[in-house]
Amino acid sequence: MRKISKNQELTKLESEWKAHFDRFTAPEPSREKTLDLIEKIKSMEQEQSPVDLRKELETTQDNLSTRSKIVNMFLSQWNFYGTVSWLMTGLLMIVITFTISENYGAAGAGFLSWMKWISLLVIAVIGYSFRPKNEGNEIIEMLSYYPIIQQIFTRFIIVMGFQVALTLPLSFIVIGKESTTLYLVSSVIPVFFFGVIGFVTILWLGQKLGLALTLFIWFSQVFMKKKLLFQTPGDDYFLVIHMIIFGVSILLLSSVLLKRRFSVNTK
């Protein structure tokens, strides 16, 4: 009986609360109150200034040290090429070096062949590093704190630094006991020259025309009887020619400053 009475009490209590909820109605706001609420929301939105993400980015970057700015720029451009691609490039350079060193008896002939293939690889890497970008990558570059010309030049420094850093120790493997400072010069100058030619021509003419012109120069030096770029220390006017090549490379590289001015003036 006690259990039944408890159930009845719960049923009665439930009915009472249900009746309370059934009788509750929220007052409908009038048309004037609704319009007033809308106007208040609009005024609040106008008073709150929109967040300028670009300004916040520039403020954050300005507060960084010069060292941090440089590191951030280099890291962003390193990621553009991709770590896997860097490893594949280094592996290919090592394969070329050991293949030539094992199949050429004379160090001089092997060294010339090695310079040709390494410089061709540099052209390929430059072409890949400055390949046409999709719209998303272009937007990311435009939104960056750093000017595009600085990003491109930083990418060039990374590519050439990586190539030269591997070329110097690998040249000892090809040359062997005949290694001298002049051999090191003759191994680095062609790499630097073709890197500059590829970079500058792609920057001014676009990837297709730039690569075509760079490859034309490379093939002309490979098949011409009188070679200027691929020389060994025993050739005539070796130092003079390499100094001229280096000077021309620097002049071509300085045209990047003109490209920057041209880009600013056309905006």
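The legends below describe several close-up views of one predicted model.

Local features are taken where pLDDT is at least 70 and side-chain atom pairs where pLDDT is 80 or more, while totals for chains, interfaces and linings use all residues. Residues are numbered from 1 along each chain as its sequence is written, and side-chain values use heavy atoms, with hydrogens and water left out.

Figure 1. Helices (H or I, at least four residues) and strands (E, at least two) are DSSP runs, numbered from the N terminus. The order of elements from the N terminus is α-α-α-α-α-α-α-α-α-α-α. The protein has 267 residues, and 32% of them count as buried. Buried means under 20% relative accessible area, exposed means over 50%, and partly exposed lies in between (1.4 Å probe, protein chains only). The accessible surface is about 17,900 Å², and 65% of that surface belongs to carbon and sulfur atoms. Accessible areas come from the Shrake-Rupley method with a 1.4 Å probe; for residues, only the protein chains shown count as cover. Of the contacts between residues at least 6 apart in sequence, 76% join residues at least 24 apart. Contact means heavy atoms within 4.5 Å.

**Figure 2. The largest nonpolar core has 43 residues.** Such a core is a set of buried Ala, Val, Leu, Ile, Met, Phe, Trp, Tyr and Cys residues joined through side-chain atoms within 4.5 Å. W114, I126, F156 and F199 have the most contacts inside this core. Two or more residues each come from α5 (83-103), α6 (107-129), α8 (148-175), α9, α10 and α11 (238-265). Helix α9 gives the most, with twelve residues. Leaving out residues up to four places away in sequence, F156 touches I126, F130, G195, V196, F199 and L253.

**Figure 3. S187 is a buried residue in helix α9.** The relative accessible area of S187 is 1%. S187 counts as buried because this value is under 20%. The S187 side chain reaches the backbone oxygen of L184 at 2.7 Å. Beyond its neighbours within four places in sequence, S187 is in contact with F111, W114, M115, T167 and S171.

**Figure 4. T154 and I157 are both found in helix α8.** T154 is buried, at 4% relative accessibility, whereas I157 is partly exposed, with a relative accessible area of 38%. Not counting residues up to four places away in sequence, T154 touches M73, F74 and Q77. I157 and Q77 are 80 residues apart in sequence, and their C-alpha atoms are 9.9 Å apart in space.

**Figure 5. W204, L205, L209, L213, F216 and L258 make a nonpolar surface patch of about 620 Å².** The elements that give two or more residues to this patch are α9 (181-205) and α10 (207-223). The largest share, three residues, comes from α10. Patches are made of residues with over 30% relative accessible area and no salt bridge; like charges are joined within 9 Å, and nonpolar side chains (Val, Leu, Ile, Met, Phe, Trp, Tyr) within 5 Å. A salt bridge is a side-chain nitrogen of Lys or Arg within 4 Å of a carboxyl oxygen of Asp or Glu. F216 is found in helix α10 and is exposed, with a relative accessible area of 59%.

Terms used. A polar contact is a pair of N or O atoms within 3.5 Å; within protein, one must be able to donate a hydrogen and the other to accept it, and residues adjacent in sequence count only if both atoms are side-chain atoms.
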